[in-house]
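This briefing is for a reader who is new to the structure shown below. Please look over the sequence and the model before reading on.

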2 protein chains.
Amino acid sequence: MRYLDIAEVARQSGVPASTLRFYEEKGLIASTGRRGLRRLFEPGVLERLALIALGRAAGFSLDEIARMFASEGRPRIDRQMLAAKAEELDRTIRELSAMRDGLRHAAACPAPSHMECPTFRRILRAAASGAIGGRGKKVPPGS
Amino acid sequence: MRYLDIAEVARQSGVPASTLRFYEEKGLIASTGRRGLRRLFEPGVLERLALIALGRAAGFSLDEIARMFASEGRPRIDRQMLAAKAEELDRTIRELSAMRDGLRHAAACPAPSHMECPTFRRILRAAASGAIGGRGKKVPPGS
DNA sequence: GTGCCACTTCAAGTCGACTTGAGGTCAAGA
DNA sequence: TCTTGACCTCAAGTCGACTTGAAGTGGCAC
């Protein structure tokens, strides 16, 4: 069984068939040929999909990922880009840590109202001043 | 100057007027009255906006935030909800930290191709198995 | 040979958080 | 008084990453 059909790829990768078609349309993956109408994929597409999942998890957009794959066959991943993304993640992590600590405090704070808690007011000021960036929403569960 | 007009609120909070109207429509903030057509806001709206910014930064959706404000005037912030969100953040932080370390390694890795680097392949497997959740996109800069 | 149904295409819809645009109103300064 | 332009409303558009739906096709088990 050299080639995989879309259902098999979906099964092995956990990526829905609709998404696989979408990815192909976007140039993120390629089907090798067709059996009739049906796409056939080489097993290597699974590694490609893992790479895409990794990129997404690291915060890259599909377009950025497509650009990494762009030049040639082997993913040309720019080390500088990786380092930059690591930096960005690090900043995010620091913000989130502060937020987590603030939330923990607020959850445990004995002040009758949060508004009377100095710690809460401090985080509040940080949020108001934009010191803390938003994070957008998570990818829906199961994706 | 007891009341603030929308431009003043925008200036002091950094939140665009269009967003303030949007928030009012969603019930997140309220204008006290009108001078002609124009909304007038009490200064307290600024604290409200800070609270909203905080909630957003912590990862709450506008609807969730609205629900916290819902019951009465004083924000009724459920301590359990805060603790839960803190937990969630903590999970995210751990994932992001792993990802950051992985990216750092990949950026510095001497292997000719990332595919030949065991560390890279390990993260890749983690991403493929869905052990690492996506993060959605950041709120656009300046928001 | 034939029927089923997994696959196909293409367009449109979804979700959240806003922004933008068209067309209208009106408070205030000249 | 007149003009200006900041404000108003309401509908529609945007963005990214997909999903959904309708209508069609054809591989394969029987």
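Helices (H or I, at least four residues) and strands (E, at least two) are DSSP runs, numbered from the N terminus. The model is predicted: local features need pLDDT of at least 70, side-chain atom pairs count only at pLDDT 80 or more, and totals for chains, interfaces and linings use all residues. Residues are numbered from 1 along each chain as its sequence is written, while chains are lettered from A and ligands numbered from 1 in the order in which they are written.

**Surface near DNA strand C**

- DNA strand C is surrounded by 21 residues, and the closest are A:A7, A:R39, B:G36, B:S61 and B:L62; a residue is near a molecule or strand if its C-beta atom, placed from the backbone, lies within 6 Å of it.
- At least two residues each come from helix 1 (6-13), helix 2 (17-25) and strand 3 (38-41) of chain A, and from helix 2 (17-25) and helix 4 (62-70) of chain B.
- Helix 2 of chain B gives the largest share of this surface, 3 residues.
- The surface near DNA strand C has 9 nonpolar, 5 polar and 7 charged residues, where Ala, Val, Leu, Ile, Met, Phe, Trp, Tyr, Cys and Pro count as nonpolar, Asp, Glu, Lys and Arg as charged, and the others, Gly among them, as polar.

**Surface near DNA strand D**

- DNA strand D has 20 residues around it, the closest being A:G36, A:S61, A:L62, B:A7 and B:R39.
- Helix 2 of chain A supplies the largest share of the surface near DNA strand D, 3 residues.
- By class, this surface divides into 8 nonpolar, 5 polar and 7 charged residues.

**Sheets**

- In chain A, 3 strands make an open antiparallel sheet in the order 1-3-2; two strands pair if DSSP finds at least two bridges between them.
- Strand 1 (4-5) and strand 2 (33-35) of chain A are the edge strands, each pairing on one side only.
- Strands 2 and 3 of chain A are joined by 3 bridges in the antiparallel sense, and A:R34 has A:R39 as its bridge partner in strand 3.
- Chain B also holds an open antiparallel sheet of 3 strands in the order 1-3-2.
- In strand 3 of chain B, B:R39 is the bridge partner of B:R34.

**B:H114**

- B:H114 lies in the loop between helix 5 (79-108) and helix 6 (118-128) of chain B.
- B:H114 counts as buried because it has 22 C-beta neighbours inside 10 Å; buried means 20 or more other C-beta atoms within 10 Å of a residue's own, exposed 12 or fewer, and partly exposed in between, with C-beta atoms placed from the backbone.
- Not counting residues up to four places away in sequence, B:H114 touches A:I77, B:A106, B:C109 and B:F120; contact means C-beta atoms, placed from the backbone, within 7 Å.

Conventions: Contact = placed C-beta atoms within 7 Å.
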